[in-house]
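Visitor: Please show me the model. Then let us go through its pocket and its ring pairs.

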Amino acid sequence: MHRTTYGAIGIDVPFAARPRVTEFWSAALGAATHAVDGQPEYTDLDARFGGRGIFIQGIREGQARLHLDLHTDDRAAEVRRLVRL
């Protein structure tokens, strides 16, 4: 299988979209999720690449936004895999 890593630390999404967005990124990165104690707007993903983690943050206003740099040794295979998810 090809290799994929990322360099971002956060994905901000409206609260209503958070469950689906969390499900997608959990599957895409093969990461378990867990709530952040005392901060209900955050969900951590247990994915670590190069020491960086990733989290989903629920936002009350605005549109979803993120910056995610994906690096893979087989771009076509990774695009197919993510589209299937």
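**Pocket and rings**

The largest share of the lining of the largest pocket, 4 residues, is supplied by α1. Helices (H or I, at least four residues) and strands (E, at least two) are DSSP runs, numbered from the N terminus. This is a predicted model: local features need pLDDT of at least 70, side-chain atom pairs need 80 or more, and totals for chains, interfaces and linings use all residues. Residues are numbered from 1 along each chain, and side-chain values use heavy atoms, without hydrogens and water.

Visitor: Which elements give two or more residues to the lining of the largest pocket?

Guide: The pocket is lined by 14 residues, among them Thr4 and Glu78 near its centre. A pocket is an open set of points on a 1 Å grid where a 1.4 Å probe fits, with protein on both sides within 12 Å along at least five of seven lines; lining residues have an atom within 4 Å of a point. The elements are α1 (18–29) and α2 (75–84).

Visitor: How are the planes of tyrosine 42 and phenylalanine 55 arranged?

Guide: Rings of Phe, Tyr and Trp (its six-membered ring) pair if their centres lie within 6.5 Å; planes under 30 degrees apart are stacked, over 60 edge-to-face, the rest tilted. Here the centres are 5.6 Å apart and the planes at 70°, so the pair is edge-to-face.

Visitor: Is tryptophan 25 buried or exposed?

Guide: Buried means under 20% relative accessible area, exposed over 50%, partly exposed in between (1.4 Å probe, protein chains only). Tryptophan 25 has 10% relative accessibility, so the residue counts as buried.
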